[in-house]
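Reader: Hello! Could you take me on a close look at one part of this assembly, the place where two of its chains meet, and then show me how the rest is arranged around it?

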Amino acid sequence: MNLSYLILLPLFGFLINGVLYLRSTRNSKKVSAELSGGIATVAMLLSFAAALYNFFLLRQLPAEGQLFDQMLFPWFKLAGMSVDFTLRLDPLSSVFCLVITGVGSLIHLYSIGYMHHDAAPAKYFAYLNLFCFMMLNLVLGATMPHVFFGWEGVGLASYLLIGYWYHDPEKVGAGMKAFVMNRIGDIGFLVAMFIAYKFVGSLDFIQIANTPLNPEMTTTLGLLVFFACTGKSAQIPLFTWLPDAMAGPTPVSALIHAATMVTSGIYLLARMHTTIEASATTLSVIAAVGACTAFISAVIACAQTDIKKILAYSTVSQLGFMFVACGVGFTIAGVFHVMTHAFFKALMFLGAGSVIHALHEEQDVFKMGGLRKKLPITFWTFVAGWAAILGLPPFSGFFSKDEILIQSLQSPHGSMPLFLVMMAAAFLTAFYMTRLLVLVFLSPSRMGQGVEKSVHESPLVMTLPLMVLGVASVVGGWFGLPIHEAHVEEAAGSSGRFIMLASVALALVAAFIAYKKYGKTTKVEQVNDIAREGFKIDAFYLSFFGNGTKNVARWMGNLIEQQVIQRMIRWTVAIVDLSGNLLKVAQVGSSQAYLMMMFLAIFAVLAWFLFGVGQYAKF
Amino acid sequence: MLNFENTMTLANESLNVFMVVPLALCILSFLIPKGLQRAYAIAGAIFFFALSCYEVSQGLGGQTLPWLSQFGIQLGFRLDSVSKWFVVLTGLVTFIAVYLKGNWYRKSPRIFVASSFFMAFALNAAFLSTNLITFYIAYEAVFVPIIFMVGIWGTQTKAASVFKFFLMSFLGSIMMLVSMFYLIYLYQSQTGQYSAQIFDLVQVSKSIAPERLCLAFFGFFLAFAIKVPLVPFHGWVRDAYVNAPMPATIYMSGILSKLGVFGFIRFVLPIFWDQAIQYHGILVTVAAISVLYAALLAIQSKNPRELLSYSSISHLGFVMLGIFSLTSGGVGAAVLLSVAHTLASVVLFMLLHFMSERKEDLTLDRFHGLAPRFPMLFVAFFIAVLASVSLPGTVNFVGEFLVLSFSYPVSALCTVLSSIGVILGTVYMFKFYQYLGFGSPNPKTGAESVAKDIGVFEISILIFMLGLIIYLGFQPAVILRGFSS
Amino acid sequence: MNGEIQPMMMVVVALIVFGIGLFGLLIRKNLLIMLMCIELMLNSVNLCFVAFSKMHQSVLGDLTVLFVMTVAAAESAVGLGLVIAMFRTLKSVDTDQIQILRD
Amino acid sequence: MTGSMIAFAAFSTIAIVGSLLVIFRRTPVASAFALVLVFFSFSGLYALMGAHLIAALQILVYTGAIMVLFVFVIMLLNQDSPITDIKESSLLFKGIAGLACVGMVTVLINAALRVSGLAPTNIYTDQKIEELGGNLRVISELLFTDHLFQFELTSFLLLGAIVATIALSKRQRKGGVS
Amino acid sequence: MSLPILPWLVLSIGLLATILISVVRVGTKRPAQIFALLTLLATFFYSVTTVPSGVENVFNGAFEVSALTQVGLALFSLIGCIFVLGTSRYLTKEGIHISDYYHLMLLMILGAAVMIGSKDLISIFIALEVMSLPAYTLAGFRRHDARSNEAGIKYFVMGGAIGAVFLLGAAFIFGATGSVSIDKIFEWSKVAQGDFTLFYIGHLLVLIAFLFKVAAVPFHFWKPDVYEGSPIAVTGMMATVISAASFIVISRLIGIVDFGRIEWGAYAAQLKQVVRVIVVMSLVVGSAVLLTQSNLKRMLAYSSISHTGYLLLGILSSISHPQEIFSVWMYLFGYCLMTSGLFVLLSQSEPKADMGVELIDLTGLMKRSPYTTCLWIVFLFSMAGIPFTVGFFSKYFVFLSSVSAGETAFVVIAAVCAVVSAYAYIRPVALMVMRDADPSASNWKGSPVSTVVATVSALAVIYFGVLPGTIVQFLKGVPIGH
């Protein structure tokens with residue numbers, strides 16, 4: 001078993017494409033999308049093969065010891081803190097590896113078509129490979145700093161890809177926002193590491209899991225880790241970056257902002273589930289935040305008109321589902337949903353990408369419609385994704401999502417309110433997804449004449465991944481999770497069945513309502529409600545934190561720095577100068593005055609000796 | 001008590017090359033014709049850097065030469081696991097400083113080259129000396145070339161900044177000198193002999209009631225806090241960095257600030273250990289305030305140099321946090337972070353210089369869109385920015401992470417507050433990068449339009465520097481090894 | 001008073017004259033008179049010396065006075081020379097005229 | 001009241017009044033003559049203390065040489081008319097000056113009077129001086145034995161004064177060559 | 001044959017010969033210049049080659065021949081050489097290049113050299129006058145210049161008054177002790193009983209007279225005015241020779257009583273208080289007012305006032321720790337070296353108006369004559385106490401001694417003042433280096449000889465700044481009178 005290929009292949013892809021790109025800037029010859037995309041895709045496919053191979057090797061190990069560590073090199077070692085660059089494969093990371101490399105390969109392939117006309121595809125593929133490299137590091141790292149390496153790395157790649165078209169300040173701003181909000185979450189990660197180092201003495205996950213901490217610290221650690229996850233996985237309070245992140249190329253949204261990176265929060269919670277589950281407070285906070293996020297972003301999604309934004313809010317909402325799974329102590333379900341979600345959400349994003357590609361960068365769903373005929377492959381694969389996210393049996397989402405719903409009620413940490421919120425979120429999910437499907441594919445066309453004519457189905461490089469993912473969305477749930485298939489079966493017990501039925505029925509009702517409402521839409525809808533603006537949370541952040549920081553900084557710069565510190569320096573100089581000028585006053589030029597001052601001084605000295613303090617000098 | 005001195009090999013006795021070579025280069029530079037000064041300086045600096053690396057690789061060492069021994073002033077030098085990195089950095093920074101092209105090679109280049117090598121000489125003497133007075137002399141001597149550099153090649157408002165820099169530094173250092181005298185006097189009153197050797201004075205400080213050394217401690221603290229600088233002793237930094245010619249700025253940010261860091265490690269901690277513990281809370285708070293305050297100032301600044309100068313203060317706040325954690329780990333991490341900061345800030349200033357050579361106006365209030373025009377430059381710039389925001393994979397991350405890890409157990413609150421500086425750092429560094437690189441390119445004017453991307457030699461230097469940053473990011477053990485015992 | 005002249009009485013007289021000389025030096029602006037005041041002060045010191053000499057039954061004070069007289073003579077010669085030089089340039093011997101150098 | 005006491009009282013009164021005249025007279029010539037008065041009275045005081053040589057020299061050197069020089073210069077510079085400088089300085093200044101001088105004298109006298117307890121060294125008592133051949137002889141001998149150094153030094157002082165006075169007063173051409 | 005006072009005799013005979021040759025060859029200054037130079041060189045070489053190890057009292061204990069006095073003599077003659085060589089062009093330019101200048105200069109040096117060896121108050125007084133009378137004269141030497149007249153008169157009036165004060169002090173000491181010989185007074189102080197008030201007052205007055213000579217605040221008022229008005233060459237001599245000689249005498253006079261004796265403890269404490277106050281005032285006034293000056297000579301006046309402060313700090317610590325007096329010697333050595341060099345450079349100025357040399361005249365000097373600028377910078381840095389110049393070690397030892405003597409608080413004050421004055425010294429450097437020449441800036445043109453002299457001084461400043469070992473070792477070994 002050698003894990004290094006797994007991560008090295010994307011790295012090489014990144015380096016080769018990077019060098020190709022830099023060379024192209026010197027001799028101004030474009031590297032074709034086929035070449036660079038080919039390199040990147042091959043790297044990813046090989047990496048996928050390695051992941052698959054390692055997955056099967058891991059399966060052959062006995063159930064208790066399904067763990068493989070590979071130390072690449074010692075990283076840093078100082079005064080009792082020793083961290084190595086170790087890759088660790090266990091069932092959890094194995095699943096994530098498969099998802100990342102698998103979905104990743106498909107999206108790479110898709111990108112060849114999507115980025116065909118881009119000016120510098122080599123740069124794009126380099127970034128994409130870099131992302132995969134970092135993401136693999138994230139899931140394979142055996143220690144917290146290693147995970148953090150990947151954690152920050154994916155943030156970086158996400159930044160680069162969101163702001164890929166950096167001529168547009170808005171896109172640049174979106175990237176910046178994503179990166180900064182991620183970094184805010186990272187404080188949690190960092191402090192969690194400090195706590196772990198202080199109280200555990202090691203940053204290895206196994207060590208951390210095996211060392212019992214006092215309850216207070218456990219809660220703190222868990223909450224800090226969760227805070228980090230809210231950043232990366234776009235949960236309340238740090239979720240507003242994800243919709244903006246849609247500024248990047250659509251395959252990027254599919255890969256990073258739907259399938260992989262945003263789920264790293266779930267990965268981290270799963271990785272540290274021992275610690276998380278040791279504290280009921282942490283769990284309830286996670287569940288509450290997850291549920292709220294799921295519900296609120298579902299509401300927002302219902303009001304969106306941008307196809308990618310709808311999907312983005314949907315992602316946030318689905319991530320909320322996963323967090324609820326973690327929050328009720330049933331991480332497995334969360335991870336399961338990560339996998340299925342990766343399939344169907346990637347599929348939907350790629351489908352959306354296909355639509356956008358076909359419509360020449362049109363993203364408003366009210367300017368689409370009737371594409372079922374024109375884009376049949378896209379439509380049918382999209383329907384598969386739609387069915388999966390609605391949780392219709394036997395599509396993959398059905399298994400994972402219902403599992404979460406069931407657990408939110410049945411688990412020891414679950415409760416009725418939680419369950420109801422989740423059901424509502426599921427209802428809304430079905431509503432807005434159907435709305436999307438209807439508006440884009442089924443309703444009458446609202447496209448402009450010129451656009452309508454040129455619409456055509458995407459090339460094979462793009463539709464092939466769609467079809468593969470479509471199949472995965474259908475069958476992805478059947479296998480269950482390799483980690484714990486039995487548990488899934490067992491959990492779907494008596495009341496489980498009722499919940500399943502209820503949720504499916506609810507989804508169908510919602511879908512019906514949506515169809516009724518939007519099936520006949522013929523004109524552009526003007527929605528200007530608060531939900532559409534994300535309840536103004538983003539605006540609030542911007543004005544409160546963004547401008548707040550700016551104002552504080554300006555205040556510091558003007559008041560403290562200029563008025564206090566610099567002025568203090570100036571005053572010191574002025575005081576010295578002034579005292580010089582004052583002392584100079586004595587220099588009047590008149591001999592009499594000089595003599596007078598001199599003799600007064602002499603008199604003072606003598607008098608002091610004779611009458612003043614000097615009395616003690618006599619004996 | 002700290003014990004980070006590696007006592008294994010002290011065989012290397014040829015330490016004087018660290019001083020003799022730059023001094024010789026300094027004197028020789030007066031014999032070189034004006035036109036050849038740059039070539040001479042580059043060749044000399046490369047030679048000096050290579051020699052430094054070679055000598056450092058020969059192992060640690062100590063050497064004592066007599067000077068004014070009857071007054072305790074020896075030329076005591078010692079290359080240990082702390083100083084060796086600073087010595088190497090001196091060589092590196094000298095090379096970068098003399099490499100940059102600018103009006104310093106048009107207007108009296110001899111003085112510039114001589115100043116640079118003199119600076120290297122003084123810096124090495126300061127980094128190596130084990131004698132307080134020798135250290136002080138070298139520490140003061142560093143002013144001289146800086147004054148010349150800023151004075152001759154600085155911007156219009158240079159005079160005020162020179163004075164501010166000089167006076168604040170001088171105030172600090174002379175207070176340190178008085179404190180040194182006090183220590184020497186204590187030693188003399190105990191043993192009857194003068195000694196300014198650090199080892200002797202450490203003995204004295206241990207045998208004396210801690211209260212008696214408080215003022216002396218603050219004397220040292222003031223000197224180094226101004227040099228580093230720590231908020232609120234940073235008043236000189238902005239003007240000096242902005243108005244100085246780029247080589248001087250690189251010296252100041254890259255290595256002069258490390259002189260303060262080094263002083264804390266070499267002198268303050270061993271001698272004033274008890275006082276450091278006593279005032280630990282204040283020290284850590286000051287460091288945390290430096291981090292946050294400077295980061296906020298950087299956010300609001302529109303001038304790239306100003307931004308980088310504040311970012312320097314902010315990052316050095318992390319270094320100081322590591323030192324003030326008063327653990328050997330924290331100190332080791334601080335050394336690592338110092339190296340990291342030197343590399344990153346030198347690269348950033350160098351790139352800024354390249355940019356300002358190509359475009360006059362780099363105000364950070366609009367997008368300049370330079371990245372598509374100078375892709376290589378901006379790739380390097382981006383990596384340097386990443387290093388500066390201490391992204392994992394760069395040595396800055398390891399340094400900062402270790403610093404915070406070691407300071408967390410002693411002061412959780414300050415550590416967490418400092419961590420916020422990381423976010424702010426991201427904000428201003430990315431803003432900095434984005435404003436310069438991103439957006440649509442503006443219509444070019446005049447000479448600007450013919451500006452080309454950086455050349456091969458520049459690229460090689462950048463690859464070397466950035467490679468070092470990344471290599472050390474994965475193999476920080478190269479530096480940390482000396483501190484693990 | 002026992003009829004004997006106490007040296008201390010001389011000293012008191014001398015010091016009073018010293019004080020007067022000093023006062024004159026401070027309030028007069030005519031350089032010639034200022035020089036005279038300096039002479040007064042020196043004279044009073046001479047008297048002190050002689051008086052103390054008497055007190056100690058020594059002749060050291062007398063000797064000293066000899067030297068002081070020489071010094072006083074030399075000093076007034078030089079001083080008057082300077083005053084003459086000043087008068088040639090400024091046509092005045094008043095110190096009010098010499099306040100160019102100040103601040 | 002012995003005769004010497006009366007003489008002392010008279011001389012000291014003349015000395016003090018004379019001094020006051022020196023500083024308060026308007027014309028420099030008047031001041032100069034007041035100064036001569038003071039010198040004479042001092043001479044008398046020296047004589048009262050038995051310092052006959054000094055008394056004589058006081059007349060010779062001060063009155064005979066220094067004062068002549070003064071008067072000569074006063075005449076040379078035409079300073080024989082009344083001057084009003086004393087009025088020009090402010091009353092405050094004069095007041096402070098007066099207080100300072102009174103204070104100074106008080107302090108000095110106070111200090112001087114505390115010395116009364118000292119025992120005389122009794123080297124040159126009056127009798128001894130008589131035995132050794134009188135005041136003049138004793139002083140002369142000391143001058144060329146114990147105090148030769150000062151004596152020789154005085155010659156350089158006088159040399160300096162001569163050179164200085166000549167340098168100051170000799171006609172000097174612009175251009176530097178004397 | 002062993003005649004301990006031979007170096008002084010060489011100087012005296014040379015002086016007489018110089019006067020004689022001028023009398024013989026009236027109308028030309030050259031012979032006087034050469035004779036003066038030869039005299040000074042001979043004195044210098046004779047005195048440095050025959051430095052005695054012990055202390056020998058000659059003239060019945062009225063004069064001391066020791067390492068200290070002889071090195072003082074050597075130093076003064078060296079400074080004399082520097083000024084004879086360095087300022088000859090200046091003197092010609094000012095129209096005061098006449099043989100009398102050399103006579104008076106030699107007399108001044110002789111007076112200073114004798115004064116530092118004098119062991120009784122009367123000798124000191126006479127030597128003081130031998131030194132001062134030429135100084136008064138030289139200050140007013142530019143007779144056609146009102147400012148020079150003013151300088152001479154002011155110096156004379158105040159000096160004369162202070163001479164009377166010194167004498168009064170001497171009289172009081174005589175009255176208290178029955179002697180004017182320093183050795184005898186010291187003996188007396190070992191056994192004396194009773195009320196010492198008269199002695200205190202006398203001692204203070206005597207000290208104040210010399211504090212006036214070194215321009216310690218508040219007895220400094222004459223200094224800026226006299227410096228500004230006097231010819232540069234003379235100011236230079238005043239700043240170095242007179243200050244150094246006066247400091248040596250101050251140290252002698254301070255040590256006039258046996259402070260080791262318990263009875264003098266209270267007096268020592270109180271005297272120290274006075275000196276402390278004076279130290280602080282000198283430092284503060286010297287450095288603060290230094291900043292506000294634009295005339296270079298006035299600047300140097302205030303600079304020397306602040307140097308007086310540092311030197312008095314050394315004197316202060318020597319009251320209780322007599323062995324620390326070497327720091328004063330070291331400071332004086334460095335101070336004389338850098339000040340004389342600076343004045344030689346200053347004499348190269350050619351002011352356009354008759355306004356003296358202003359700071360603005362230095363603007364852009366770097367461009368006009370880079371070499372001279374470097375010399376300026378060396379001297380100014382030395383004044384500021386930057387390492388690698390002798391000024392650093394001057395301050396170094398004074399501070400170290402004072403800390404050892406427990407005067408740390410005053411060392412801190414001195415350090416702050418050092419920063420302030422460093423600002424003032426760096427300012428001219430900034431003007432020279434950073435600014436372009438102001439249109440009203442005057443020319444600078446020195447004779448080659450003066451540049452050579454300044455170069456040699458600058459090299460000495462650097463040499464002793466790098467390797468002060470020998471000189472410090474020597475000065476530390478200089479025997480102390482009491």
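Author: The contact between chains C and D takes 62 residues from chain C and 73 residues from chain D. Please keep in mind that this is a predicted model. On the chain C side, three helices each supply at least two residues: H1 (7-27), H2 (31-56) and H3 (60-90). H3(C) provides the largest share of that side, 21 residues. Sorted by class, the side of chain C that touches chain D has 44 nonpolar, twelve polar and six charged residues. Among the eight pairs of chains in contact, it is chains C and D that share the most contacts.

Chain C also meets chain A. There, ten residues of chain A are in contact with nine residues of chain C. On the chain A side, helix H25 (residues 591-610) gives the most, with five residues. The chain A side divides into four nonpolar, five polar and one charged.

Chain B, in contrast, does not touch chain C, and the nearest C-alpha atoms of the two are 25 Å apart. Chain B does not touch chain D either; for that pair, the nearest C-alpha atoms are 40 Å apart.

Now for chain A itself. Its domain assignment gives domain 1 (1-275), domain 2 (279-529), domain 3 (533-581) and domain 4 (586-619). The C-alpha centres of domain 1 of chain A and domain 2 of chain A lie 24 Å apart. Their contact takes 42 residues from domain 1 of chain A and 45 residues from domain 2 of chain A. On the domain 1 side, the elements giving two or more residues are helices H3 (91-114), H8 (215-232), H9 (241-244), H10 (250-259) and H11 (264-271) of chain A. H3(A) brings the largest share of this side, twelve residues. By class, the side of domain 1 of chain A that touches domain 2 of chain A divides into 29 nonpolar, 13 polar and no charged residues.

Leu58(A) lies in helix H2 (residues 33-60) of chain A. Is Leu58(A) buried or exposed? Leu58(A) has 20 other C-beta atoms within 10 Å, and a residue counts as buried at 20 or more, so Leu58(A) is buried. Leaving aside neighbours within four places in sequence, Leu58(A) is in contact with Gln66(A), Phe68(A), Leu89(A), Pro91(A) and Ser94(A). Phe382(A) is 324 residues away from Leu58(A) along the chain, and the C-alpha atoms of these two residues are separated by 34 Å.

The mean pLDDT of chain A is 86, and 95% of its residues reach 70 or more. Over residues 614-619 of chain A, however, pLDDT stays under 50, and the model has twelve contacts beyond four places in sequence for that stretch. Where pLDDT is low, the predicted coordinates should not be read in detail.

That leaves the build of chain B, which has 20 helices and two strands. The radius of gyration of chain B is 21 Å, close to the 23 Å that the globule rule gives for 485 residues, so chain B is as compact as a globular protein of that length. Along the principal axes, the C-alpha atoms of chain B fill a box of roughly 75 × 55 × 40 Å. Buried residues make up 67% of the 485 residues in chain B. If you take the contacts in chain B between residues at least 6 apart in sequence, 81% join residues at least 24 apart.

Chain B is also divided into domains: domain 1 (9-170 + 233-264) and domain 2 (280-485). The C-alpha centres of domain 1 of chain B and domain 2 of chain B lie 22 Å apart. The contact between them takes 23 residues from domain 1 of chain B and 23 residues from domain 2 of chain B. Helices H3 (83-99), H10 (237-243) and H11 (246-271) of chain B each supply at least two residues of the domain 1 side. H11(B) gives the most to that side, with ten residues. The side of domain 1 of chain B that touches domain 2 of chain B divides into 15 nonpolar, six polar and two charged residues.

Terms used. Residues numbered from 1 in each chain as written. Chains lettered and ligands numbered in written order. Predicted model: local features only at pLDDT ≥ 70, side-chain atom pairs only at ≥ 80, totals over all residues. Contact = placed C-beta atoms within 7 Å. Domains from an automatic or database assignment. Helix = DSSP H or I, 4+ residues; strand = E, 2+ residues; numbered from the N terminus. Nonpolar A, V, L, I, M, F, W, Y, C, P; charged D, E, K, R; others polar. Rg over C-alpha atoms; globule rule 2.2 N^0.38 Å. Buried ≥ 20, exposed ≤ 12 C-beta atoms within 10 Å, placed from the backbone. pLDDT = per-residue confidence, 0-100.
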